[in-house]
Amino acid sequence: MCIRDRLSASLFTSYDQYKYDYSESYFLPQLSGRLRIVEEGAERMDWQNTAYGLQFKKRWTGRFHSHVSANVSSYQTDRAESFTITQRFLNNERVRAAPRSSKLNNIEGIRFTQKNDWTLSDQFQLHFGYTFLNETIDFSINNSNGLESRGIDRMNEATTNSLFLQQLWQPVDVLEIQMGLNTQHYNLLDRWFWSPRVQAKVLASDQIQFKGAWSIYQQFLRQLFHEDVFGKNQAIWLL
């Protein structure tokens, strides 16, 4: 490996936790005594995010560079909530309500990218390469009103192969034009998707610049919202 080559590694991890417990009791007068009502609730949510990767950059010549990167990432949310109302009168105890809700969502991704930068002249550059992306998503939703329970468990896996080409042209010092095309094959639909993009930047002065862009962007990972037994909207990532 010569001094023009560079190898680097990255690692990121985070973990957050939310926990809330509460309990309340009160009495209601009855003819033969007092009725005690106990309300207990618990809510918990965990977030975990991890990513690590390797990047390699090689400078073949002064005008041609190559970049290779491989990354693995995961994101997980785990949520649970419960609420219980208990009646206690004399020596008898009865649970009036016990709704429960839980949600688990896990996203894992593997990405490989090979990119090349080619400077043809002082005014013209080309960027082209290939990206492979594999995504696995599983989620579990369970709701119970204390009498019956309903839930769903699902796992999806998808692979995307992408080719991209972009050019940077600077005909004069104050004008910069970028045009590119990205094509992706998504295996779940067995289709090719095309994503063109155009961007122009004008340097009005050393402190002021104007930029305009247009593009078509494709994203297959999407978010769904569902209402749990407590009437709260919960977000789920899926393919």
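Leaving aside its neighbours within four places in sequence, with which residues is Thr160 in contact? In this predicted model, the residues in contact with Thr160 are Thr131, Phe132, Leu133, Gln184, His185, Tyr186 and Phe220. Thr160 itself belongs to strand E7, which spans residues 149-172. Its relative accessibility is 5%, and Thr160 therefore counts as buried, the limit being under 20%.

The setting of this residue is a protein chain with 12 strands and zero helices. Read along the sequence, the chain accordingly gives the pattern β-β-β-β-β-β-β-β-β-β-β-β. The C-alpha atoms fill a box of roughly 95 × 40 × 40 Å, taken along the principal axes. The radius of gyration of the protein chain is 28 Å, whereas a compact globule of 239 residues would have a value near 18 Å. Of the 239 residues, 30% count as buried. The chain exposes about 15,900 Å², and carbon and sulfur atoms supply 54% of this area. Among contacts between residues at least 6 apart in sequence, 56% join residues at least 24 apart.

A second residue examined was Ser140, which is placed in strand E6 (residues 124-144). With a relative accessibility of 15%, Ser140 lies under the 20% limit and so counts as buried. Not counting residues up to four places away in sequence, Ser140 touches Ser102, Lys103, Leu104, Ile152 and Asp153. One of these residues, Asp153, is also joined to Ser140 by a polar contact of 2.6 Å between the side chains. A further side-chain polar contact, of 3.2 Å, links Ser140 with Asn142. Ser140 and Arg34, by contrast, are 42 Å apart in space, C-alpha to C-alpha, and 106 residues apart in sequence.

Aromatic rings were considered next. A pair of aromatic rings is described by the distance of the centres and the angle of the planes. A search of the whole structure finds six aromatic pairs. One of them is formed by Phe64 and Phe128, with 6.5 Å from centre to centre and 45° between the planes, and this pair is tilted. Phe64 lies in strand E3 (residues 64-89) and Phe128 in strand E6, so the pair ties together parts that are 64 residues apart in sequence. Phe64 has a relative accessibility of 22% and thus counts as partly exposed. Phe128, with a relative accessible area of 27%, is also partly exposed.

The rings of Phe193 and Phe220 have their centres 5.1 Å apart and their planes at 65°; because the angle is over 60 degrees, the pair is edge-to-face. Phe193 is found in strand E9 (residues 191-203), while Phe220 is in the loop between strand E10 (209-215) and strand E11 (222-227), so this pair ties together parts that are 27 residues apart in sequence. Both Phe193 and Phe220 are buried.

Tyr20, Tyr22 and Phe83 form one aromatic cluster. Lys58, in turn, lies over the face of Trp60, at 4.9 Å from the ring centre.

Methods
Residues numbered from 1 in each chain as written. Predicted model: local features only at pLDDT ≥ 70, side-chain atom pairs only at ≥ 80, totals over all residues. Heavy atoms only, no water. Helix = DSSP H or I, 4+ residues; strand = E, 2+ residues; numbered from the N terminus. Buried < 20%, exposed > 50% of the residue type's maximum accessible area, 1.4 Å probe, protein only. Contact = heavy atoms within 4.5 Å. Polar contact = N/O pair within 3.5 Å; in protein donor to acceptor, adjacent residues only side chain to side chain. Phe/Tyr/Trp six-rings, centres within 6.5 Å; stacked < 30°, edge-to-face > 60°. Lys NZ or Arg CZ within 6 Å of the ring centre and 35° of its normal. Rg over C-alpha atoms; globule rule 2.2 N^0.38 Å. Areas by Shrake-Rupley, 256 points an atom, 1.4 Å probe, with all protein chains shown as cover.
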